Amino acid sequence: MSAKTKIVVLRMKEIIYTAIFLSLALLLILLFLIMFRRDQSSRTPESSSAEACFTPGVYSASLTLANEPVLVEVTVDADQIHSIALQPLSDSVAAMYPLVEPAMQNLAGQILKSQSLDSVTYQAEQKYTSTLLLKAIRTAVEKAEGKPGQSM
C-alpha cells in the first residue's frame, strides 16, 4: 500500500481572500433574488377600469404646470370611460410644455380603446410627461369608481 500523500499548504491570505469572494458571491445572489422577485401586489391585478362600476359623471384631478392649474377631466358612464381631456390648457402652458398635448392624446386613445389604465405604453421621450398625466387620470378614475379615501 504505497499511497502518496499530498500535502496542501494554504496561506492564511489565500483563505481570507476565498472567504471574502464567497461571501460577496452569496451577497450578490441574494441581491439579485431580492431585486428581481415578483411582489405579491404585482401578481394580483388591480381591478381594471373595464370591470369597475363607475358613478356616471365628469371627474377631475388637478395638475400644476407653469404655476397654472390644469384639470384632467375624465367623463364616465356606468360601465365605461367616454373621454379624457385637459381643461383649460392655456397657450403659455402649451408653449412651455409642448409634449403635454401629444402625450395626453396618446394616453387617452389607448385608455379609451382598452378601457383600462394597466396596459398603457408611451414613448421614451414622453416618459415623465406621460407618467404625470397618467397619475392624474388614475386619480380621476379612482374618484369615479368611488374608492375609499377619495373625495368626490
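User: What share of the 152 residues of the chain count as buried?
Analyst: The model is predicted. In this chain of 152 residues, 24% count as buried. To be counted, a residue must have under 20% relative accessible area.

User: Which elements make up the secondary structure of the chain?
Analyst: There are five helices and three strands. Along the sequence they follow the pattern α-α-β-β-β-α-α-α.

User: Is the crossing of H4 and H5 left-handed or right-handed?
Analyst: The crossing is right-handed.

User: Which residues make the contact?
Analyst: H4 brings Val100, Ala103, Met104, Leu107 and Ile111. H5 brings Thr129, Ser130, Leu133, Leu134 and Ile137.

User: How do the residues of the contact of H4 with H5 divide into nonpolar, polar and charged?
Analyst: Eight are nonpolar, two are polar and none is charged. Val, Ala, Met, Leu and Ile all count as nonpolar. Thr129 and Ser130 of H5 are in the contact, and their residue types count as polar.

User: What percentage of contacts between residues at least 6 apart in sequence join residues at least 24 apart?
Analyst: The value is 51%.

User: How much of the accessible surface belongs to carbon and sulfur atoms?
Analyst: The chain has about 11,100 Å² of accessible surface, and 60% of that belongs to carbon and sulfur atoms.

Methods. Residues numbered from 1 in each chain as written. Predicted model: local features only at pLDDT ≥ 70, side-chain atom pairs only at ≥ 80, totals over all residues. Heavy atoms only, no water. Left-handed = near helix turned anticlockwise from the far one by under 90°. Helix = DSSP H or I, 4+ residues; strand = E, 2+ residues; numbered from the N terminus. Contact = heavy atoms within 4.5 Å. Buried < 20%, exposed > 50% of the residue type's maximum accessible area, 1.4 Å probe, protein only. Areas by Shrake-Rupley, 256 points an atom, 1.4 Å probe, with all protein chains shown as cover.
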